[in-house]
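Please find below my notes on the model under review.

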Amino acid sequence: MGVWNFRSGTLAMSGSPQDLGAQLDRRDLAWFVDKAVQALVFLGGVSAIVFILGIFVFITKEGFGFIAGRFDIVEFFGSTRWRPTSEQPTYGALALIVGTASVTGLAMLVAVPFSLGAAIYIGEFAQGRTREVLKILVELLAAIPSVVWGFIGLSIMNPLIIRLFDVPVGLNVLNSGFILGLMAAPIMTTIAEDSLKAVPDTYREAAEALGATRWQVIRRVVIPAARNGLVAAVLLGVGRGFGETMAVLMASGHSINLPTSVFDSVRALTATIAAELGETAVGSEHYRALFTLGIFLFVVTFIINLTADLVIRGIRKK
Amino acid sequence: MFEATELNRKNQKTERLWRLLFLMMTVLLILPVLIILGVLIYHGGPMITIDFLFTEPTNGMTAGGILPALVGTVWLVAVALLVSVPIGIAAALYLSEYAADNWLTRSINLAIINLAGVPSIVHALFGVGAFVLFFRFGTSILAASLTLAIMTLPVVIVATRESLQAVPHAFREACWNMGASRWQTIRHVVLPNSVSGILTGVILEVSRTAGETAPIMFTGAAFFLPFLPQSVFDQTMAMSLHLFVISTQVPGVPENLPFGVALVLISMVLAMNALSIAFRMVLRGRKKW
């Protein structure tokens, strides 16, 4: 007769079960250490959820006073008058939303074709050393801090735009859109290239066996198979552009405006918070209104990230 | 023998065309940045001297060096790492070694994606609401570093998880069969085989943390402080904020000074990244399995 000891996971071959159970009780130091580590590691894992909830709770706590009181949804989304410091303050965020959207839109116009093209070249055409070097370059580009990008917009792009297009101010949608495009492109390239790499080689081999050229393989097999990953790459790029703060603050001109051309200065949601938070008194209406902008940013980026995640999950299911 | 048909030739031509197009796109993506880096080096290079790195700013930040900002960035990064590295490694261990494929794990993954995706200025708002006001740390290195730590946590988690999962499962099974507990297996088999990959992630996080500006603007970084921080409850200057301040807020700054600051900042960040890449390549060459 064998007795399985569930605690220590050993099989006792003889004797009464109770005695052996006591003898084989291996709850020694190693057992307790194991359990303690398991608990600690679990706490670490759950911390990510705690932090993201914490972010939501704390920005809501600070912004709630505004949402419950002064907040007027028609004014917030419908008015372009963001005048928190005037005698009768108005909090219309429309111009800020349009500012963010126009800069992000232009950035994507620049970055999406180029980063998808670069991902296809690096992932499908380039080989060996060239490929390694290109991948490393793209990774290094992604590492340049946003404040340096903002400085580049301010000190290099600004005079360049003024001279090239003969406009009075070079800090505008064009400048910040271009800078933001250069910032978002490496990230999108990396994610898009990952999703091309995730397409099994057997797909390519099957198509090549039928006599397809490499371009035909890419166009008819690889891109359709990687479609979800490519869409997710674009979405994450949009999220990045939407939430970028320093570069947009420094390169967009920071004036409240509904832009009619790329040479107009605009102001972004993120930049408004960065520029005004330092001047407000803690707990004031203006301060709470800035936190409300933060809640709006949080919710929108959350939705973008969630969608990207669902789209990527879509491929895994298949 | 086989001879290319009209169709073959046409296909070959299309392929060459597309290949060229994509190559040009890649080059156009990388080239502007290289030109910009060149301009930074051209203007900023002559600024960088031993004096510049090791003296304090003078004349209302229009002259002198960047010592307090450099030291401040080192403080901020060090304190942030002390928090995020242990938590990040624990989270990665949980996800890679313990977690089952269930709703909790999916929620954790979603939370990690969102921690990385939430705008940096929202992290700053959180830092103000939580660390500066609620926990009463005031504007201090501690509050700023905690904000940075939470923001860059996904970098450590993702890098660590990847290097843990690169350890073959058979290694763990062999160890379990010897009667080792889960922790003993992790401690003696999994971690030794992935420690260099984890280090790569940590270096990457140093680079991310050093470059961030928005999260520290209102939580602990000061525009100008002529002295070095003495404890985590002091405010401090930082390289990234210093670049923002002297290029936008201070009148009369000589043209080349911000270029010098930008060059030092970008060199720090890129050097860290290059180190992490080099580390990874050495590792790949040495891999035993």
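1. In this predicted model, the interface between the two chains brings 74 residues of chain A into contact with 71 residues of chain B. On the side of chain A that touches chain B, the greatest contribution comes from helix H2 (residues 29-68) of chain A, which supplies 24 residues.

2. As to the composition of that side of chain A, 49 of the residues touching chain B are nonpolar, 19 are polar and 6 are charged.

3. Chain A itself comprises two assigned parts, domain 1 (3-69) and domain 2 (83-317). A distance of 40 Å separates the C-alpha centres of domain 1 of chain A and domain 2 of chain A.

4. Within chain A, the domains do touch: domain 1 of chain A places 9 residues in contact with 8 residues of domain 2 of chain A. The side of domain 1 of chain A that faces this contact with domain 2 of chain A consists of 5 nonpolar, 3 polar and 1 charged residues.

5. For chain B, the division is into domain 1 (6-47) and domain 2 (51-286). The C-alpha centres of domain 1 of chain B and domain 2 of chain B are 32 Å apart.

6. The contact between these domains involves 7 residues from domain 1 of chain B and 8 residues from domain 2 of chain B. Where domain 1 of chain B touches domain 2 of chain B, its side has 4 nonpolar and 3 polar residues, with no charged residues.

Note on methods: Residues are numbered from 1 along each chain as its sequence is written. Chains are lettered from A and ligands numbered from 1 in the order in which they are written. This is a predicted model: local features need pLDDT of at least 70, side-chain atom pairs count only at pLDDT 80 or more; totals for chains, interfaces and linings use all residues. Helices (H or I, at least four residues) and strands (E, at least two) are DSSP runs, numbered from the N terminus. Ala, Val, Leu, Ile, Met, Phe, Trp, Tyr, Cys and Pro count as nonpolar, Asp, Glu, Lys and Arg as charged, and the others, Gly among them, as polar. Domain bounds come from an automatic or database domain assignment.
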